Amino acid sequence: MSFLNPEKESPNYTIVFAVLSTLFFMWGLITVTNIMLANDLRTVFQLSYIEAISMNFLFFATYFIMAVPSGKLIDKIGYRKGMMTGLGLAAAGCFLAYPATGMRSYSFFMTALFIQATGITILQVAANPYVALLGSRGKGASKLTLVQAFNSLGAFVATLFASGFLMELSGLNERSYFDMSPEEIRNSVVHFVQLPFVLLGIVLLLLGVFLFFSRLPRINTKEIEPLVLETNPPRTQVWQFSHAGLGALAIFAYVGAEVTIGTYLASAASDLAVLYWGGAMVGRFVGSALLVKISPRKSIGIFSIIASLLVMGFMLIDSQISIYAIVAVGLFNSVLFPCIFTMGIDGLGKFSEEGSAMLIMAVVGGAVVPFVSHALIEGKAGFILPVLCYIFIAYFGLKGSRYPKRTNFY
């Protein structure tokens, strides 16, 4: 099955995947930069704990609010223009964060964050299915894992971006704290927070311009019938495809577990967060090669079971080694999102854009699961939620993603 416009010449896939990998890199960088800056933003705006985690909640809740409108937008204007729109909005949100932090206005910053997250939502709804559907269908999971590796690279760079280089630029280091008054420290933190948002905004804007002049192949799903065996009456809504609905729940569980652990490690020690996101990056680069030979369904099952065992080890072992168990989860998170997403939209045909929107809407798990885990359940007991998340993901991979279809690739 091919979704490419047959009237177009054969595309240069090297250039196409270079463009897409850069997009994935940028939203990984933005997402984790927001997580890493949470404590500093709390200082800037003098926030309570609940107000501080509300920023993370808003960022991921935006996916739930804006995913369906994003899908409708992309269905109307196409994948390329959709990605350009997402880049423009994300850049605008980053630029607005500069005056918001300078004014120390929490409400203004939350507005900027919502605009930024809306742009990222549009990018996610457009770029994920575009990669999975581009070229050979049987390699969708491998292709998406490869570009998602650049997403993890962005997340990894963000941990260094927000803890080393920019701290020195803004005048924040261990020595300076002894020489500055509390107000001077707070002013330096403001500059520290403003820098990454300005730099990210400039890069996003340049990417939008680059994408405008890029020749990406058009993908048309409107005339493609689903691979799922026909029913009587025929399906007319994407939620009627069971594997798509269960895929959305699996995305909810995955992002919820990943962000819960990442937030904990960012607050515990930045070095541990570097290792966690770095493990996901390495796992995706390796996993993209493995998925050429290994079924994405088996990969989901195996990796999520191992992740659940590592989290349980962290909860039950009362020694220093337990922290390495939770850090190692990053490695086994690596292939889960791209494999879940690919299996969730597999065979949807003309329902692919709606399926993508439903799956991206489920990223709201990154808001809900950490909130419940950290705010309502004390100590390590809160990590029972990520364990349950990984168990459900294993079910989706091994059973829930299967459906009766006319052609079998996986």
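**Ring pairs, helices and a nonpolar core**

The protein has 19 aromatic pairs. A pair here means rings of Phe, Tyr or Trp (its six-membered ring) with centres within 6.5 Å; planes under 30 degrees apart count as stacked, over 60 as edge-to-face and the rest as tilted. F57 and F371 show how this works: their ring centres are 6.0 Å apart and their planes stand at 65°, so this pair is edge-to-face. F57 belongs to helix α3 (residues 49–77) and F371 to helix α15 (residues 365–376), so the pair ties together parts that are 314 residues apart in sequence. Helices (H or I, at least four residues) and strands (E, at least two) are DSSP runs, numbered from the N terminus.

This is a predicted model: local features need pLDDT of at least 70, side-chain atom pairs count only at pLDDT 80 or more, and totals for chains, interfaces and linings use all residues. Residues are numbered from 1 along each chain as its sequence is written, and side-chain values use heavy atoms, with hydrogens and water left out.

Are F57 and F371 buried, exposed or partly exposed? F57 is partly exposed, at 34% relative accessibility. F371 is partly exposed too, with a relative accessible area of 31%. The cut-offs are under 20% relative accessible area for buried, over 50% for exposed, and in between for partly exposed (1.4 Å probe, protein chains only).

F60 and Y63 form another ring pair. Their centres are 6.1 Å apart and their planes meet at 20°, so the pair is stacked. Both residues sit in helix α3, three residues apart, and are separated by about one helical turn. An α-helix has 3.6 residues a turn, so residues three or four places apart point the same way. F60 and Y63 are both buried.

Rings can also join in a cluster. Ring pairs link F45, Y106, F109 and F197 in this way. After α2 comes Q46, with a positive phi near 55°.

Now step back to the whole fold. The protein has 16 helices and zero strands. Of its 410 residues, 56% are buried. Take the contacts between residues at least 6 apart in sequence: 86% of them join residues at least 24 apart. A contact means heavy atoms within 4.5 Å.

What is the size of the largest nonpolar core, and which residues have the most contacts inside it? The core has 125 residues, and M83 and I326 have the most contacts inside it. Helix α5 (residues 106–133) gives the largest share of this core, 15 residues. Such a core is a set of buried Ala, Val, Leu, Ile, Met, Phe, Trp, Tyr and Cys residues joined through side-chain atoms within 4.5 Å. Leaving aside neighbours within four places in sequence, M83 is in contact with L20, L23, L123, A126, A127, Y130, L211 and L216.

T145 is in helix α6 (residues 140–169). T145 is buried, at 0% relative accessible area. Beyond residues up to four places away in sequence, T145 touches R284, G287, S288, L291, V335 and P338.

S288 is a partner of T145, and lies in helix α10 (residues 270–290). S288 is buried as well, with a relative accessible area of 9%. The side chain of S288 reaches the backbone oxygen of F285 at 2.8 Å. That is a polar contact: a pair of N or O atoms within 3.5 Å, where within protein one must be able to donate a hydrogen and the other to accept it, and residues adjacent in sequence count only if both atoms are side-chain atoms.

S299 is found in helix α11 (residues 296–316). At 7% relative accessibility, S299 is buried. Setting aside residues up to four places away in sequence, S299 touches L291, I294, V335 and C339. S299 and I340 are 41 residues apart in sequence, yet 9.8 Å apart in space, C-alpha to C-alpha.

C339 raises a last point about cysteines. C339 is buried, at 0% relative accessibility. C389 is buried, with a relative accessible area of 10%. The structure has zero disulfides (pairs of cysteine sulfur atoms within 2.5 Å).
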